[in-house]
Amino acid sequence: MRLENKNALITGSGNGIGRAIAELFAKEGANVVVADLEKESGLETVANIRKSGGNAKFIQVDTSDIDSVDKLVKDSINQFGDINILVNNAAAFVFGKIEDVTKSDWEKVLGVNVIGYANCVKQSLESLKKGKDSSIINIASVSSFIAQPEFVPYNTSKGAVIQLSKCLAMDLANYKIRVNSICPGSIRTRATDKHIESLGLDPEKAYKDFGNDSLLKRIGNPKEIAYGALFLASNEASYITGTELVIDGGATID
Ligand SMILES: NC(=O)c1ccc[n+]([C@@H]2O[C@H](COP(=O)([O-])OP(=O)(O)OC[C@H]3O[C@@H](n4cnc5c(N)ncnc54)[C@H](O)[C@@H]3O)[C@@H](O)[C@H]2O)c1
């Protein structure tokens, strides 16, 4: 198993990509803290993991609230010991044109997607420092580096995630903490379903169209992101820090 004796804290792991990462990491031997705003979804992830013989615990958190994150980290350490792997994945999906975005929309999207990631790193740092090969994985997006119509707040936040990762990689290298980003393309999750619904599109047609944007002519599934996260978290990636792993079926090659 590739993550034996590792403790992993994964935010937003009640659904979608976070859940797939939590389930794969547990299968590979990690003790997993499933951290999510939604209790029901988080408990479902934990139940899935336990059913497959893995070890997991749900802790409710709002990553945009530093006190809530502080409690999450303390409870995680009490449960499993020091954190070796942090996956920042929880996100707010706020889209729109600049004219439509309110101050509270900006506060939400930056609060979860940028400050939320920073909160989790800051509060777990002392714990991560104790390991010899700790790893932080920030889930960014292809939206971190491409422009999309009426995606202003979300893409701005995801652009910031890349710089957050690079600056952290530089500052934390002395502690042997590796920091990398993953940039998924279109992945079928609840968030994507909701986005398609909000645009009033036919889901099957929209997924086909999104898929056709990639070289592989299909959208991705959460497990395909989880395998990238597993690689970056494992010792196989011991010389990789400060970089981005794009997993998008070749959609952004040109
Ligand atoms: N789905 C895609 O196509 C896609 C593409 C590129 C990047 N991403 C990124 O992947 C990550 C996961 O996205 P997903 O599609 O699986 O989304 P999702 O909506 O299926 O899951 C997100 C989870 O985050 C939790 N969450 C939201 N705000 C939170 C908060 N403040 N505190 C704690 N938990 C919170 C939600 O409850 C939910 O369980 C996000 O960072 C997203 O930006 C997704």
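Predicted model: local features only at pLDDT ≥ 70, side-chain atom pairs only at ≥ 80, totals over all residues.
I take helices (H or I, at least four residues) and strands (E, at least two) as DSSP runs, numbered from the N terminus. Residues are numbered from 1 along each chain as its sequence is written, and side-chain values use heavy atoms, with hydrogens and water left out.

**Pocket**

I looked up the second largest pocket. A pocket is an open set of points on a 1 Å grid over the protein atoms alone, where a 1.4 Å probe fits, with protein on both sides within 12 Å along at least five of seven lines; lining residues have an atom within 4 Å of a point. Helix 1 (16-27), helix 2 (39-51) and helix 8 (222-233) each give at least two lining residues. Helix 1 supplies the largest share, five residues. Among the lining residues I find E23, K27, N48, K223 and Y227.

**N89**

I placed N89 in the loop between strand 4 (85-88) and helix 4 (103-130). Is N89 buried or exposed? N89 counts as buried (under 20% relative accessible area), at 11% relative accessibility. Its side chain reaches the backbone oxygen of G12 at 3.2 Å. I list contacts (heavy atoms within 4.5 Å) beyond four places in sequence: N89 touches T11, G12, I17, G18, Y117 and I139.

**Cysteines**

I searched for disulfides (cysteine sulfur atoms within 2.5 Å) and counted zero. For C120, the nearest cysteine sulfur is that of C167, 18 Å away. C120 is buried at 1% relative accessibility. The sulfur of C167 lies 15 Å from the closest cysteine sulfur, in C183, too far for a bond.

Methods: Buried < 20%, exposed > 50% of the residue type's maximum accessible area, 1.4 Å probe, protein only. Polar contact = N/O pair within 3.5 Å; in protein donor to acceptor, adjacent residues only side chain to side chain.
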